[in-house]
Amino acid sequence: MVCLGNICRSPLAEGILKQKALHAGLHWDIESAGTNRFNMGVPPHRFSRKVAELNGIDLDKKRSRWFTGEDFDRFDKIYGMSVDVISEMKEIAGAKYDDAKVKLLLDELFPGKNKDIPDPWFGAEPDFHNVFKMMDEACNKIIEKYAFIRN
């Protein structure tokens, strides 16, 4: 899961998918990262943590990290939260970029529509709840679609 700073959207998406995979008995390696380095090593936004906690997800140990080209070696699927984030992923990864592994998270709900998950950074707490709901629905689709992959 990749967003801009790895403090709002992508840590929530990571937590949601981890929880769903665990409940489905799946042993997937799920992480999140950001395309900008200015927030590296910091915990998720306070509203991301609050919304996660209200939904039974613990993000307290999560710290932001930078997305790298090596992520294409480590992961089978990489979800971007928005089109601009995917553009930055291409630039960062260079020759390692693999378009077959990259997808917008909301493409799971709206295939081919190129819908972004809005960045709630400058918004209020309700914006984080709305983003959570979008990601929760998209992660349900991921579980439905890929649950046959056990490891």
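Helices H1 (9-23) and H5 (125-146) are oblique to each other, because angles under 35 degrees count as roughly parallel, over 145 as roughly antiparallel, 65 to 115 as roughly perpendicular and the rest as oblique. Their packing angle is about 40°, and their axes lie 9 Å apart; axes are lines fitted to C-alpha atoms over the stretch in contact, with angles running from 0 to 180 degrees between N-to-C directions. On the H1 side the contact (heavy atoms within 4.5 Å) includes Leu12, Ile16 and Lys20, and on the H5 side it includes Phe128, Val131, Met135 and Asp136. By class, this contact has 12 nonpolar, 1 polar and 3 charged residues.

The model is predicted: local features need pLDDT of at least 70 and side-chain atom pairs pLDDT 80 or more, while totals for chains, interfaces and linings use all residues. Residues are numbered from 1 along each chain as its sequence is written, and side-chain values use heavy atoms, without hydrogens and water.

Helix H2 (residues 46-54) packs against both of these helices through its buried residues. Helices here are DSSP runs (H or I, at least four residues), numbered from the N terminus. An α-helix has 3.6 residues a turn, so residues three or four places apart point the same way.

The face of H2 turned away from the buried side carries Arg46, Glu53 and Leu54, which are exposed (over 50% relative accessible area). After H2 comes Gly56, with a positive phi near 75°.

How values were computed:
Buried < 20%, exposed > 50% of the residue type's maximum accessible area, 1.4 Å probe, protein only. Helix = DSSP H or I, 4+ residues; strand = E, 2+ residues; numbered from the N terminus. Nonpolar A, V, L, I, M, F, W, Y, C, P; charged D, E, K, R; others polar.
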